[in-house]
Amino acid sequence: MNYPTIFSVTEDEIDLNELLAQITLTSTGAAAIFTGMVRGETLRRGSAQASRGEAHETEYLEYEAYIPMAEAKMKQVADEIRAKWNGIEGIAIVQRIGKLYPKTPTVLIACTAAHRDTGVFEAARYGIDRLKEIVPIWKKEVNPNGEEWVEGDYIPKAGE
Amino acid sequence: MNRIKLLFFATLRDRAGTKSLELEVPENMTVQGLKGKLAQEYPNLSESMKSVLITINREYAFDEAVIPPGAEMAMFPPVSGG
């Protein structure tokens, strides 16, 4: 059985309904969807700022990607998901790039399966965690005081 | 000598001041060798060479890897997508 796998880096708006339709089969009865969006205000717990009730403000995030490698690594993440949870049917992994403003969805990971007890929730969680480790995408935060690249902390190992 | 293409992303592109370079490198040069060469020729990059991620033909590569002829390489910081 050839299950649908969608992976893309795009400048276009992420269309959840369209993507979900593409990974829904006649045998599908459950989907777990993770989407992340740009946070306009960040309260940093435990910081002096937060205790005064002030939030760190973000005007927008500017995303870029090494597109051909990013799409290949998204495919690898999908393959890893299928190897871990054999009940997964369709998988969609989409990252939007460019200038993205608060409240805008930036990323979507969706997995479908026959039932909810197939590992479908964990599969979507694994997908976003792995995307943040190995898929070559970066974001620069622009805030009222200037701009700053956000850097991850994961160092890929050989074979990743 | 081997001809390679080297792409820069994010902080590495800012510091290099360019998106990509075409380079001639000795046959059998390793990733570590290339890092040393860049640190010397591009002083702005020398600090970044310590924590940079490197790819060869769109796969992560490590210090001992030998750079094949015609390689498409890239250098960038740890990723921050999502």
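Guide: In this predicted model, helix H3(A) contributes Lys73(A), Val77(A), Glu80(A), Ile81(A) and Lys84(A) to its contact with helix H4(A). On the H4(A) side, the residues they meet are Ala123(A), Tyr126(A), Gly127(A), Arg130(A), Leu131(A) and Ile134(A). Sorted by class, this contact comprises 6 nonpolar, 1 polar and 4 charged residues. Two packed helices are described by the angle between their axes and by the distance between those axes. Here H3, spanning residues 67-84 of chain A, and H4, spanning residues 120-134 of chain A, pack at an angle of about 145°, and their axes are 10 Å apart. The crossing of H3(A) and H4(A) is right-handed.

Chain A also holds a strand pair, E9(A) and E10(A). Strand E9 covers residues 137-143 of chain A, and its pairing with E10(A) is antiparallel, with 5 bridges. The two strands form a hairpin, with 2 residues between them. Within this pairing, Lys140(A) has Trp149(A) of E10(A) as its bridge partner. Strand E10 (residues 146-150) of chain A lies largely in the open, because 0 of its 5 residues are buried.

There remains the contact between the chains. Chain A gives 27 residues to this contact, and chain B gives 17. On the side of chain B that touches chain A, strand E3 (53-56) and strand E5 (72-76) of chain B each supply at least two residues. That side of chain B divides into 11 nonpolar, 5 polar and 1 charged residues.

Notes: Residues are numbered from 1 along each chain as its sequence is written. Chains are lettered from A and ligands numbered from 1 in the order in which they are written. This is a predicted model: local features need pLDDT of at least 70, side-chain atom pairs count only at pLDDT 80 or more; totals for chains, interfaces and linings use all residues. Axes are lines fitted to C-alpha atoms, for helices over the stretch in contact, and angles run from 0 to 180 degrees between N-to-C directions. Helices (H or I, at least four residues) and strands (E, at least two) are DSSP runs, numbered from the N terminus. A crossing is left-handed if the near helix is turned anticlockwise from the far one by less than a right angle, and right-handed if clockwise. Two residues are in contact if their C-beta atoms, placed from the backbone, lie within 7 Å. Ala, Val, Leu, Ile, Met, Phe, Trp, Tyr, Cys and Pro count as nonpolar, Asp, Glu, Lys and Arg as charged, and the others, Gly among them, as polar. A residue is buried if 20 or more other C-beta atoms lie within 10 Å of its own, exposed if 12 or fewer, and partly exposed in between; C-beta atoms are placed from the backbone. Two strands pair if DSSP finds at least two bridges between them.
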